[in-house]
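Keep the structure open beside the text as you read.

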Amino acid sequence: MARAHHTGSLERRRQISLLPGYVLLLIWLVFTVVMIGWIVLASFSTTSEIFTGALLESGFHFENYIRVLEKHKLGLYFINSLIYSVSACIGIVVIAAPAAYILGRFTFRGKGVVTSAFVTCMSIPSVMLILPLFKMATSAHLTGTRWVLILLYICLNVPFGVFFLTGFFTSLPNALEEAASIDGCTDNQAFWKVMFPLAQPGIVTLTIFNFMGIWNEYFIALIFGSNSELRTIATGLQSIVQSMKYSGDWAGLFAGVVVAFLPTFILYLFLSNKIIAGVTGGAVKE
């Protein structure tokens with residue numbers, strides 16, 4: 001009885017000690033919801049209503065979205081970003097997963113050097129690579145095409161992909177490979193048919209992180225996608241902001257912000273459990 005009372009007292013103290021953290025989290029949540037909610041409401045209002053604070057006074061204005069998608073070409077930029085993000089995410093997984101499998105499951109001479117090289121690549125700011133990459137892209141006649149951004153996004157994100165997935169492949173039991181070998185699978189078949197599907201939590205998490213990062217990336221897209229037909233949604237929004245000094249279409253700008261924000265928000269909303277499982281899954285080592 002006394003032990004149960006003591007345990008209950010400790011639990012109450014622990015909950016009280018966590019109360020300040022919960023309060024701060026609640027304040028942050030309310031602030032975020034209010035800000036996002038205001039932006040959404042502003043995207044359906046007129047510019048005059050935004051400046052007077054009377055949001056939705058004249059009803060919902062869906063023409064804001066139609067105008068920003070057609071007049072400001074945000075629909076084209078949305079499709080461009082979708083092409084870049086999906087293509088790059090697939091390419092990253094195709095390259096990073098086999099490399100991570102080899103580093104996580106096999107022992108060979110120079111393994112430590114290769115692993116260190118991938119980690120070092122992660123620490124190099126992309127801004128330092130812009131000039132040599134631009135020269136290489138020009139020499140390869142890739143500038144002015146969608147391929148240059150797709151290849152850059154793949155190459156710049158592969159080091160993190162390898163580093164992230166290595167822990168997942170290391171944590172998988174050796175018995176799986178032994179069973180695949182007994183069934184007559186080669187190392188290549190064992191990877192694609194057995195190990196790759198089992199690393200799905202990590203692969204899904206990596207894909208979500210890469211998609212969100214590439215979708216919102218600005219600097220590389222600004223340099224290599226300067227052509228108006230190749231712009232991403234991030235650079236497209238910037239061009240809309242620049243045009244605000246002439247058009248004053250703030251309602252359209254907020255509609256564009258919602259269009260740019262929606263895909264990553266929906267992705268995280270429905271796959272947040274996958275992200276948590278993926279982040280924690282690779283922490284368990286055999």
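K73 sits in the loop between α3 and α4, where helices are DSSP runs (H or I, at least four residues) numbered from the N terminus. Its phi is near 60°, a positive value in a residue other than glycine. For context, most residues other than glycine have a negative phi. With a relative accessible area of 29%, K73 is partly exposed; buried means under 20%, exposed over 50%, and partly exposed in between, using a 1.4 Å probe and protein chains only. H141 also has a positive phi, about 60°, although H141 is not a glycine. You will find H141 in the loop between α6 and α7, where H141 is exposed at a relative accessible area of 67%.

A word on the ground rules: this is a predicted model, so local features need pLDDT of at least 70 and side-chain atom pairs count only at pLDDT 80 or more, while totals for chains, interfaces and linings use all residues. Residues are numbered from 1 along each chain as its sequence is written, and side-chain values use heavy atoms, with hydrogens and water left out.

Back at K73, the side chains of E229 and K73 meet in a salt bridge of 3.0 Å, N to O. E229 lies in the loop between α11 (219-224) and α12, and K73 in the loop between α3 and α4 (74-105), so the pair ties together parts that are 156 residues apart in sequence. E229, at 39% relative accessibility, counts as partly exposed. A salt bridge here is a side-chain nitrogen of Lys or Arg within 4 Å of a carboxyl oxygen of Asp or Glu, and by this rule the count comes to two. R67 and D249 form a salt bridge through their side chains, at 2.8 Å, N to O. This pair links distant parts of the chain, 182 residues apart: R67 is in helix α3 (residues 63-70) and D249 in the loop between α12 (233-247) and α13 (250-281). R67 is partly exposed at 25%, whereas D249 counts as buried at 10% relative accessibility.

Now for the interior. A nonpolar core is a set of buried Ala, Val, Leu, Ile, Met, Phe, Trp, Tyr and Cys residues joined through side-chain atoms within 4.5 Å. The largest has 35 residues, of which L149, Y153, L165, F169, I220 and F224 touch the most other members. At least two residues each come from α4, α6 (130-139), α7 (146-171), α9 (187-198), α10 (200-216) and α11, and α7 gives the most, with 12 residues. Beyond its neighbours within four places in sequence, F169 is in contact (heavy atoms within 4.5 Å) with residues including A97, Y101, F191 and M195. Another core, of 17 residues, lies apart from the largest one and has Y65, Y77, W215 and L237 among its members.

Which residues of α5 meet α7? They are F118, V119, C121 and M122, facing V158, P159, F160, V162 and F163 in α7.

Finally, look at F254 in helix α13, which counts as buried at 17% relative accessibility. F254 and W38 are 216 residues apart in sequence, yet 9.8 Å apart in space, C-alpha to C-alpha. Leaving aside neighbours within four places in sequence, F254 is in contact with W38, I39, A42, S43 and I50.
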